[in-house]
Amino acid sequence: MKHIVLCSFLCLAATFLSGQSRFGYGVGLYPNFSGARLIAFDNISEREVMQINNRETWKFSYAAGVFANWRSEKLGFQLALNYMNSGYQTIRDTIPTVAPNPRDAVDWRFVYQSSYIEIPMDFQFYQELSKGSEIFFMLGASASYNLNNSIDTVFYFGDREVTDNEPQDNNEYNRLNFAFQSAMGWERALGENFALVIQPTFQFWFKGLLKDNSLNRSLYSLGVRVAFKIKQPEF
């Protein structure tokens, strides 16, 4: 299914780029909150699934990179290259007496970090609000390649905390993944050839983080993308 979606977007993009359009490029930043949807199979009981879900929560993540944009009056296509940090974390919890506690801390939590090279591609459908101001709906897909992974163990000593970082074996993780993404945005012209874009965005990744399918997680994120666009002069 994901391959059909990506092929469809590439075909539509090729059709669009062959027509008359105005080229633009720029830089974008996507601060977001990322979380994980638990993928559990029959060997995990419903009670265990609920216990895991109650302990896991969102973490602050981000993506940043460059993009190229082609657009006509009502329709746009965009291709980007980003560095992406994502993952999820557990809530702060009391350390069980049977668990290893090398720092003799009171509480702890775990932060699961993954970094990627990401290639998003999407279409924008524009509607003018006033001169120089437009809203748009975005629908797209994204491909990502996993670079590295780690687990941060945060130990709490009252108000003080200490973090231990443990790199993970990348061979246990899916290296290639695909995502669906959608957004509503606002584009404001800053003169003839410049624009500011503010875009609340949602992403959902199709494949799990790990190659092991017994207990896995699929990432998703919700945030606001902010971009600065430079538009080529019209001829």
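**Exercise 1.** Over the ring of which residue does the charged end of Arg160 sit?

*Solution.* This is a predicted model, where local features need pLDDT of at least 70, side-chain atom pairs count only at pLDDT 80 or more, and totals for chains, interfaces and linings use all residues. Residues are numbered from 1 along each chain as its sequence is written, and side-chain values use heavy atoms, with hydrogens and water left out. Start with the rule: NZ of Lys or CZ of Arg must be within 6 Å of the ring centre and within 35 degrees of the ring normal. The charged end of Arg160 sits over Phe157, 4.5 Å from the ring centre. Arg92 lies over the face of Tyr156, at 4.0 Å from the ring centre.

**Exercise 2.** Classify the ring pair of Trp70 and Phe77.

*Solution.* Rings of Phe, Tyr and Trp (its six-membered ring) pair if their centres lie within 6.5 Å; planes under 30 degrees apart are stacked, over 60 edge-to-face, the rest tilted. The count by this rule is 13 aromatic pairs. For Trp70 and Phe77 the centres are 6.2 Å apart and the planes at 25°, so the pair is stacked. Ring pairs also join Phe23, Tyr25, Trp70, Phe77 and Phe123 into a cluster.

**Exercise 3.** Describe the pair of Tyr88 and Tyr112.

*Solution.* The pair is stacked, with 4.6 Å centre to centre and 10° between the planes. Next, take accessibility: buried means under 20% relative accessible area, exposed over 50%, partly exposed in between (1.4 Å probe, protein chains only). Tyr88 is buried at 5%, whereas Tyr112 is partly exposed at 24%.
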